[in-house]
Amino acid sequence: QYCLSGHPTLPCNVLKFKSTTIMLDCGLDMTSTLNFLPLPLVQNPRLSNLPGWSLKDGNAFLDKELKECSGHVFVDSVPEFCLPETELIDLSTVDVILISNYHCMMALPYITEHTGFTGTVYATEPTVQIGRLLMEELVNFIERVPKAQSASLWKNKDTQRVIDPGSSMEDDGSAEELFGAVQVTPLSSGYALGSSNWIIQSHYEKVSYVSGSSLLTTHPQPMDQASLKNSDVLILTGLTQIPTANPDGMVGEFCSNLALTVRNGGNVLVPCYPSGVIYDLLECLYQYIDSAGLSSIPFYFISPVANSSLEFSQIFAEWLCHNKQTKVYLPEPPFPHAELIQTNKLKHYPSIHGDFSNDFRQPCVVFTGHPSLRFGDVVHFMELWGKSSLNTVIFTEPDFSYLEALAPYQPLAMKCIYCPIDTRLNFIQVSKLLKEVQPLHVVCPEQYTQPPPAQSHRVDLMIDCQPPAMSYRRAEVLALPFRRRYEKIEIMPELADSLVPMEIKPGISLATVSAVLHTKDNKHVLQPPPRPAQPTGGKKRKRPSDDIPDCKVLKPLLSGSIPVEQFVQTLEKHGFSDIKVEDTAKGHIVLLQEAETLIQIEEDSTHIICDNDEVLRVRLRDLVLKFLQKF
Amino acid sequence: MDPECSRLLPALCAVLVDPRQPVADDTCLEKLLDWFKTVTEAGPSLLLLQENPCLVELLFRVLKAHDPRPRVLSFSLRLAGLFAAQEDCFQYLQVSLSRAVDTIFSLQGDSSLFVASAAGQLLVHILALAMRGPAEGHPSPQGCDWPACAQKIVCHVEDSLRSTATPQVTQALNVLTTTFGHCHSPWTQGLWVRLSPLVACLLEKDPIPASHSLVDLLLSVARSPVGSSDCGLWETLAQTLSHLSPTQAGPLALGILKLQDCPQALKTQAFGVLLQPLACVLKAAAQAPGPPGFPEGATGDSITVDTFLSSKSACVGLLCQALAHLELLQLLPQRPSPWPQAPLLRAAVAILRFCHGSAAPTSDVGGHLCAVLAGCVRVQRAALDFLGTLSQGTGPQELVTQVFAVLLEYLTSPDSSPMVLKKAFQATLRWLLGSPKAPSCCDLDPHTQLFLGELLPVLRKRLCSPCWEARDSGLEFLTQVTRHWGGQAAFRHALLASEVPELTGQLLRDPESYVRASAVTATGQLSSWGLYATPTGPEHPEVQQESLFTELLHILSTDSEGFPRRAVMHVFTQWLKDGHADVAEDLEQFVARVLQAASQDLDWEVRAQGLELALVFLEQLLGQPGSRCPYAVALPEAAPPATLAQVLQALCRVQLFEFALRALFDCDRPVAQKSCDLLLFLKAKATPCGGPQEAGASPDVVSVEAALQRWQAGEQGQPLGELEPEAVMAVLRSMDLEGLRGMLAKSSDHMEKSPQSLLQDMLATVGVLGENEADCY
């Protein structure tokens, strides 16, 4: 396994399994954007007049690119991302890429467009569609803001190319065969719409890839745990990033703070992705707003893909949890945000420009991206509302440190609430899961094998399993421990007919087989050997094709073991005397001192060493053979 | 026994012994036993046995049956026990039962718990009776002078105690526990002398068999007269304490500490056992050698540490047990002294920090505790309860600050489960109310004021929680704290500066009925202290109170759930009692509107509470009913009570009579009872003054009585119309209210509860009663 990403929740691993090379997820680590200045949507005097940063010796050669803001230094450029490692393995040799959820595919363009990759990308339908939305949003956020410097590989056409023709989509539960060697099967993982874990198996080995899974009852189809059983290796990534925060409590916190702010006439800003937790938040608010007396407060959802996201969520019924699926048959929209939109409580806009500025009413609640606060419409609202202590920004996405995200906006009067909602597995759930599915080996990012650095005493916040999990870090190559080494070989029926099995032990039969092993597409077939040419009196000339290797008459195979004491008795019966037996590490040596002969008996071989006395050797051999079975 | 029951009894006994007949459920048999118990307790029962031979026949046949049904067997054994408790009955029964002792021995191991326990109890009864006659004095421990029957039982017990099978040992221990619990005659002393070596042998075994029952036995002996005289017992107890595992020893230690007179050394040892888990926690949480901890003997020994480390459930179980035991102990007068308040506080705080993940332990045990306890709701609940109880004592200020800090952590944490949050609010309330007043004035001390400043924003957020349990416990807390501190200037100031009162008002319209009910109670309480301002704003201060009254009245007349309406009635009653300023403004109008709304309510508790309110109103007009507080010193009254005529006029104006008379015929008995009491009180107050008019023939009275008769018949639709006080008094005089009260005092099912009815029911289920046969074709 080649580990191309160091981020445990945005993994990118390459698995060489059998004769295939499989990339598992293709996450893009965006935390590096926090080192860049926000991209304002409208001319912003504060950000454009920041002082340049100079070295201590006064050297200011970087002052065009580095700016100082609120005591921190930021790069003044289009943000750059931390790509997966490209030097560790030749990415053109990757046969397929398996994507587990839409958050873990953002680095795809970098792999598919610039590495000579010619393989196939597998992902579920919703993952592809929503992943495309996320990419579109990101490209839109960055491209609509003109910046002189450009350091991004992100181009719209790349995104489109990647998503459209190259990928193949899978229905959940159906398997796809790769080169005859391995089968890959997606399993529902319960984390997001269309999110999946993958099973990669050959006839005798099974690798489970678990990434971004959830056991909570939210909108997606529940996680399939049973199919993960009997894995030789379970690769475990994408656990919760906030193991100490329970999502239920956080949702409560979110609602309470929202209500308090709005009651006091303040606005609430929720930086978020256009899909995922926002569906659950809207559903909670749908139930909560009436009871909290907030029915008159407008909710705005601003994203270039807001409309598509809300609509997509309603059409992927078969990917939803059971409750929501049954609604479709009523028929009702599975998500209540349809009703929020109908009653005008929730309005969505592609951006703050256009219709939004006409409809905008305060106090209100705004959901918009990007959660890093570095680009997207959220930058505008931060500047607009940051100065008033009545307003609140509530962070719900766990991907970015909220303090770092806020750094370029300091000093800030607005209240900041951190309610990270991460529904992915926590360590208690993981330990239950591992007990349940019992994999032989667990492989995980090294972050999961020790307590979080900030809470080094919390030994409960790590993976605890037997044998201990194998850990990996970025740019490491790991040999996975497969114990079984078998291949499945088919026997042609006519060949099978000719076999005569012999029972050597109760329940175990053996047969010798002479055949030609035919291997194609990683499938092995035993075919009957070609018949030796019939002796035809030499009249016909041999054709070249009949010139096959001689099939010698086979000697019978031997099995069984030689009981030394009985063997010595037999020798004595046959007139040998003065016999000595010595034990060796591997078996025994029987010494016939008179005949100056030595019989070495080991588990898998017997040697008769005598001094040029072929008659004696044959006699002894026959005595040995009496103890063995032949077939 | 009445003849009708005697007639039915043989048929029932026949049903019970017949294995083909279905037997009614266990509750019927239980009721039957209850009845027999009252019959046997009422007097000598020998006659009963002689007159109803079917009973002896029943016992005999059930014991002889090859395959008796467990519930019938259990019933028979207990019935036999009931009779055998009387000596003459015992002699009478002995003929048929003495052979049965062996059967009873074997029944101790019956798979049915009822049977097994009944068999054990029966053995005790037989033993006690056998010992009564010849051995009133001090029989020898060797038992050579014991009656044969007793000898047989004791030998059986001895054999069982020597057995290697735990169930046998348990049976023997249980029989002995019951014996020492019930029999306090001198012979039990001999019994203990004879058996205690065998019991001591059990302690040598590893693991100790039936430790639970052993603990029960030792405590039972210690509580009996045997305990006060036998010093060997204390040694056995001390030995047991040190042999049992920490979890097993807990109940024994608590039991020992509850004993009135036991040696101080043993008490110290027992207290040490209870404290050990907490000592362990303290040790694990300590950053550096801290202040002095628990007394000697509670230093967190290695066995306790091993239990902590063995498994999560063992650790959680032991901690919860220790906390619960210490909580019980603290409330007892005989609790150990000095009480280690400070280390206990420290331990409780440490446990709560471990559960919350906020502790930073340095030791291995600490790290393990942290992993095991993080987020453990069970321990959190136990520790918060315990912490709340500790508020009765004091502690060094630095510790009290820690207590408030950890409570605030729990109140703030989004991860606190609703139940934990509720407990945290309760503990906070206890600590707040227990906190000392500032010495200079009667206001809250500065620490408490500071804490309030942090607490109120948290409360505000909890009132906005999407989880209704959180809103509900927040409101309950607010109600309680206001009840106690509504007059404290610092509290009033802090509360009015927070948004809490406004939010409370909004929760009157909460979708969850429990929350609405709590909001009603809370706003009522706030308003009593002048702390409630309706959201309409401060520009109309004069209409504020009126609008809360209107709002609550609106809830009373329209809310679909009972809880909020009941809460409104309680608030109104309280307002009336307190002389709430705005109620006092137009008292009659207030009472009239509330009674009108309550009279139409479908919930009987609301109607009953309406009568309560009416009674308060009456008392205020007429003075306290004398019977309520006979020793009260009569205070000189500021104004002379109104004349009776004026009072009656007022009662007519608020339509109290109509309300009360309607309630008198209420289909719910408690309402009718209350109304009856109220009218009797009124009648008693009014009669001595005696109106001059004899209004027996007044046309008003006739119409009222006619209306009442219709009401009694169930037609309650018709109103009474305008009532004249004289007419009302005349009606009251003519009614037999005492008789009615007697009728109502009998429970509505007094007919159905009679033994005769029980016997009939049981027979009816098997279709034995003659009249049922007619239906069969």
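## The salt bridge between the chains

Across the interface of chain A and chain B, the rule finds one salt bridge, defined as a side-chain nitrogen of Lys or Arg within 4 Å of a carboxyl oxygen of Asp or Glu. A:Glu253 pairs with B:Lys461, their closest N and O atoms lying 2.6 Å apart. On the side of chain A that touches chain B, two or more residues come from each of α5 (247-263) and α6 (277-291) of chain A; helices are DSSP runs of H or I with at least four residues, numbered from the N terminus. The most is given by α5(A), with 11 residues.

## Basis of the model

This is a predicted model, in which local features need pLDDT of at least 70 and side-chain atom pairs count only at pLDDT 80 or more, while totals for chains, interfaces and linings use all residues. Residues are numbered from 1 along each chain, chains are lettered from A in the order in which they are written, and side-chain values use heavy atoms, without hydrogens and water.

## The interface as a whole

In total, 22 residues of chain A are in contact (heavy atoms within 4.5 Å) with 21 residues of chain B. The two chains bury about 1,700 Å² between them, buried area being the accessible area (1.4 Å probe) lost by two parts on being put together, summed over both. Of this area, 57% is on carbon and sulfur atoms. A:Leu260, A:Arg263 and A:His457 supply 32% of the area that chain A buries against chain B, more than any other three residues.

## Chain B

Chain B has 41 helices and zero strands, strands being DSSP runs of E with at least two residues.
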